[in-house]
Structure formats: C-alpha cells, structure tokens
Amino acid sequence: MNVFRGPTQFSAGPACALTIGNFDGVHRGHRALLKELKEGADERGLISCVMTFEPHPKEFFSPEAAPPRILNLRDKLAAFSQMGIDRVVVEHFNKAFASLSPEEFVSEILVKRLNAKWILIGDDFCYGAKRAGNFASLKAAGEKFGFTVSSIDTILEDGERISSSALRATLANGDMTLAAKLLGRPYGISGHVIHGQKLGRELGFPTLNLAVANHLHHRKPATSGIFTAQVIGLSDKPLPAVASLGVRPTVEDEGRVLLETHIFDYQQDAYGKIVTVELLEKIRDEEKYADLDTLTQAIAADAKHARNYFQKKVYV
C-alpha cells in the first residue's frame with residue numbers, strides 16, 4: 001500500500017476508485033465500504049484509493065471540543081492495508097484546504113490530483129467549505145468531469161447505525177464486548193514500547209509502556225481504566241496481560257496519558273518494539289490511592305481478575 005501525505009505529492013497518477021472520510025475506528029461500517037471499494041475497483045480496472053484527513057476536521061475547527069480519537073494514524077493505516085487498499089492519501093487539513101469550495105475540491109483535488117473515475121461514499125457525505133457539497137452535487141460534477149458516484153447504505157447493529165460516534169460512546173462506557181462487535185475485532189492500541197519510571201517493576205508488576213493521546217490534537221483517550229488485555233507483536237500468539245490506560249492518578253498529576261501493560265510471566269526486553277495491546281474487558285475505573293501499598297494491592301487484585309478471565313476462556 002502506498003501512502004501519500006496530501007494529493008500534491010503526485011499529479012494525475014493512475015485512475016482510481018476513491019472513497020473519502022475520516023474513518024476513525026475503521027469499524028464494520030467502514031470495512032463494508034472499503035470492501036465494496038476494493039471489489040468495485042477490481043471490476044473497473046482501477047486502483048483503490050482512500051482519502052483521509054490529519055488532523056481530524058473537528059480537531060482543526062474546535063481542538064478543545066473535539067472528540068477523542070478511536071485510532072491513531074498508524075492503526076488506521078494498518079487497517080486500510082489489511083483491507084487490501086492500494087493507495088492512501090493523508091490530506092493535511094488546514095485553513096487552505098478547509099476553504100476550498102465544493103467546485104474547487106472536485107476540479108483541483110478529485111480530478112486533477114487524484115484522477116478519480118469512480119467515487120464511493122457513505123450516505124451522509126458532505127464536502128467543500130462549510131460542507132456545502134453533497135451526494136447530489138458530486139454526482140452532477142461527475143457528469144461534467146467524467147467520473148461516476150455511488151453510495152453505500154448504512155450498516156446496522158441491532159437496529160442501530162454503526163458509526164464512529166456510537167463506537168466512541170461504547171468505548172467511553174467501557175463496554176469492550178460491544179465495541180468488539182462494532183469494530184469486528186477487539187479494540188487495540190499500537191505503539192513503540194517506551195521507558196517509564198520503572199515503578200511497576202519495583203512493585204512486582206513490570207509493565208510495557210506506550211504513550212497515548214499526547215499529540216496536540218488528541219489528548220484524550222477514547223476509553224480509560226483497568227482492563228484485561230492481550231499483547232500482539234512479541235510472540236507468535238497473543239500474550240495475556242492486565243493493562244491500565246489513563247493518567248496514573250496515584251503517582252503522577254501531569255495529565256500525561258499512558259497505556260501500561262503487565263504481561264503475565266513475561267521477562268524479555270521489549271523496549272523500542274511496536275506492539276498492539278487489545279483491551280478485552282474493562283475491570284474498573286482508575287482510582288487514586290493513598291499510598292503505594294494500597295496501589296500494589298489493587299494491581300494484584302486486577303491481575304488475579306485478568307488471569308481468571310483467561311483461565312475461564314481456556315476451559316470454556
């Protein structure tokens with residue numbers, strides 16, 4: 001899969017089948033669209049292309065009010081690659097891009113730069129300054145410029161629309177089972193293992209540490225608390241673990257968000273490696289404890305709970 005930082009990196013490349021969106025989460029609704037895009041591209045002899053945005057437009061317009069990210073960019077690109085997408089254009093969403101009229105967006109970006117011949121969009125797609133363009137206007141533009149436009153119906157789960165907003169609310173509520181249904185896979189976060197304060201090691205629970213949501217545009221995690229987890233990327237199979245995602249209120253008050261994961265019976269050095277931590281079940285919310293002894297007791301109880309989860313899974 002080829003990744004371009006904005007369509008200005010190339011000009012009039014191979015004709016493509018295109019879809020456009022934020023794709024936060026790459027949930028089952030997104031995956032249905034991407035599958036149809038890939039199949040339609042193959043049928044038409046086109047390259048499949050996804051155009052997405054960085055930062056999220058809501059982060060650009062209202063950074064303090066923007067919702068938390070479900071996936072970081074690395075995980076979003078990995079999901080596109082898994083779906084077999086040929087090309088991804090990560091458009092830098094800035095003032096100049098936001099001010100493009102619908103007509104400019106079509107002629108300069110879709111036609112001249114992306115060479116789109118078939119565009120597949122969701123039923124709520126809008127484009128151009130002030131979101132003035134819609135499906136009808138895009139279809140009319142296609143007749144002028146020589147591309148066709150199709151839409152895909154909304155995907156439902158128990159009668160409810162699968163959307164990034166619904167997934168975000170599910171994660172905020174800590175319902176990891178429903179989140180996995182909406183995603184089509186467990187909710188996971190990937191990143192480089194970094195050095196921490198080594199406090200977990202001193203308490204008898206060494207952890208892998210990943211920095212999460214510290215970027216200027218997305219400081220808030222989509223979920224937080226203590227979780228039964230599994231780690232992918234250090235072995236040929238997932239490694240059972242217990243994880244803490246949040247701001248570490250007992251030992252730190254800087255507001256830095258960390259994902260700390262204690263892998264059971266694992267002693268190897270993982271610094272610098274890229275791992276994915278999948279959050280399978282929320283055990284409880286974060287708490288601030290009076291002292292490290294009380295914190296240690298809580299971690300021990302959480303680890304016991306997580307071990308029991310995996311033992312039950314083995315014997316079911």
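Helix α1 (residues 28-44) lies across β2, β3, β5 (116-122) and β6. Its direction runs at about 160° to β5. Helix α3 (residues 73-82) also packs on the sheet, where it touches β1, β3 and β4 (87-92). The direction of α3 makes about 165° with that of β3. Helices (H or I, at least four residues) and strands (E, at least two) are DSSP runs, numbered from the N terminus. Axes are lines fitted to C-alpha atoms, for helices over the stretch in contact, and angles run from 0 to 180 degrees between N-to-C directions. Contact means heavy atoms within 4.5 Å.

The model is predicted: local features need pLDDT of at least 70, side-chain atom pairs count only at pLDDT 80 or more, and totals for chains, interfaces and linings use all residues. Residues are numbered from 1 along each chain as its sequence is written, and side-chain values use heavy atoms, with hydrogens and water left out.

Now the sheet itself. Six strands form an open sheet with parallel pairing, in the order β1-β4-β3-β2-β5-β6. (Two strands pair if DSSP finds at least two bridges between them.) β1 (2-4) and β6 (148-152) stand at the edges with a single partner strand each, so one side of each has no neighbour in the sheet. On average, neighbouring strands of this sheet are turned by 25° against each other, direction ignored. Strands β2 (residues 16-20) and β3 (residues 47-54) run parallel and are joined by five bridges. Ala17 has Ser48 as its bridge partner in β3.

Next, the open space. The largest pocket has a volume of about 1100 Å³. A pocket is an open set of points on a 1 Å grid over the protein atoms alone, with protein on both sides within 12 Å along at least five of seven lines; a cavity is a set where a 1.4 Å probe fits but cannot get out, and lining residues have an atom within 4 Å of a point. Grid points are joined across faces, edges and corners, and a volume is the space filled by probe spheres set on the points. The largest pocket is lined by 41 residues, and Gly21, Asn22, Asp124, Phe125 and Arg131 lie nearest its centre. Elements giving two or more residues to this lining are α1, α2 (57-61), α4 (95-98), β5 and α7 (164-172).

The structure also holds two cavities of 30 Å³ or more.
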